[in-house]
Amino acid sequence: GNRIGVLDDMTKKNTNSLYEFRSRRIRRSFAFEGRKLTQPTDVARLLLYLTKELDREHFFAFYLSAKGALIGYETVAIGGLTGVEVHPREVFRGAVLAGAFAVIIAHNHPSGNSSPSNEDRALTRRLAEVGDLIGIPVYDHIIAGHEASYSFAQQGEI
């Protein structure tokens, strides 16, 4: 009995520490925090700022308030030159911890070509389905190349 109580206390302590760590990391401030991300170009500009000198794919989740203001972001995954593996649990765990109303997902293409791959399309559909299921909609998926970006929402794919 006593040992279980100690384990419960340790679990609560570790969960609180994890929450506090992730909250600090998610809420770190930068020039775009608090701004509304109302246009795909806003997200693309932010994504280009974050990935301008990166040589591998980085997958981000941008967490939005009910009014569309950016409350935080997280680098969900880092891949190689031609791809990145992303799991819905990683995207939405941060969204839940941040208290996000909605999420915009985004990643860079180090090749410079912003056209989505078949894998990008499949991942977008999967994340949108999960978001609908848990009540945190995916507003857009932005892919940034060197000069141009691609918005799934603008293209009617979300």
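**Reading burial, contacts and cores**

Mentor: Ala 128 lies in helix 4. Helices here are DSSP runs of H or I with at least four residues, and strands are runs of E with at least two, both numbered from the N terminus. The model is predicted, so local features need pLDDT of at least 70 and side-chain atom pairs count only at pLDDT 80 or more, while totals for chains, interfaces and linings use all residues. Residues are numbered from 1 along each chain as its sequence is written, and side-chain values use heavy atoms, with hydrogens and water left out.

Trainee: Is Ala 128 buried or exposed?

Mentor: Buried means under 20% relative accessible area, exposed over 50%, and partly exposed in between, with a 1.4 Å probe and protein chains only. Ala 128 has a relative accessible area of 18%, so Ala 128 counts as buried.

Trainee: Which residues of helix 3 are buried?

Mentor: The buried residues in helix 3 are Pro 88, Val 91, Phe 92, Gly 94, Ala 95, Leu 97 and Ala 98. Just after helix 3 comes Gly 99, with a positive phi of about 70 degrees.

Trainee: Which residues have the most contacts inside the largest nonpolar core?

Mentor: A nonpolar core is a set of buried Ala, Val, Leu, Ile, Met, Phe, Trp, Tyr and Cys residues joined through side-chain atoms within 4.5 Å. The largest one here has 17 residues, and Phe 59, Val 91, Phe 92, Val 103 and Leu 127 have the most contacts inside it. At least two residues of this core come from each of strand 1 (58–64), strand 2 (70–78), helix 3 (88–98), strand 3 (102–108) and helix 4. Helix 3 gives the largest share, four residues. There is also a second, separate core of 14 residues, with Leu 46, Phe 60, Ile 104 and Ile 142 among them.

Trainee: With what is Leu 127 in contact, leaving aside its neighbours within four places in sequence?

Mentor: Contact means heavy atoms within 4.5 Å. On that reading, with neighbours within four places left out, Leu 127 is in contact with Phe 59, Pro 88, Val 91, Phe 92, Ile 105 and Val 138. For the chain, take the contacts with a separation of 6 or more: 66% of them are between residues 24 or more positions apart.

Trainee: Where is the place of His 141?

Mentor: His 141 is in strand 4 (residues 138–144). With a relative accessible area of 0%, His 141 is buried. Beyond its neighbours within four places in sequence, the residues in contact with His 141 include Phe 59, His 107, Asp 120, Thr 124, Tyr 150 and Ile 158.

Trainee: Is Ile 158 buried or partly exposed?

Mentor: Ile 158 is partly exposed, because its relative accessible area is 38%. Ile 158 is found in the segment after strand 5 (149–151). In sequence, Ile 158 and His 141 are 17 residues apart, and their C-alpha atoms are 8.1 Å apart in space. Apart from neighbours within four places in sequence, Ile 158 is in contact with residues including Thr 124, Val 138, Tyr 139, His 141 and Phe 152.
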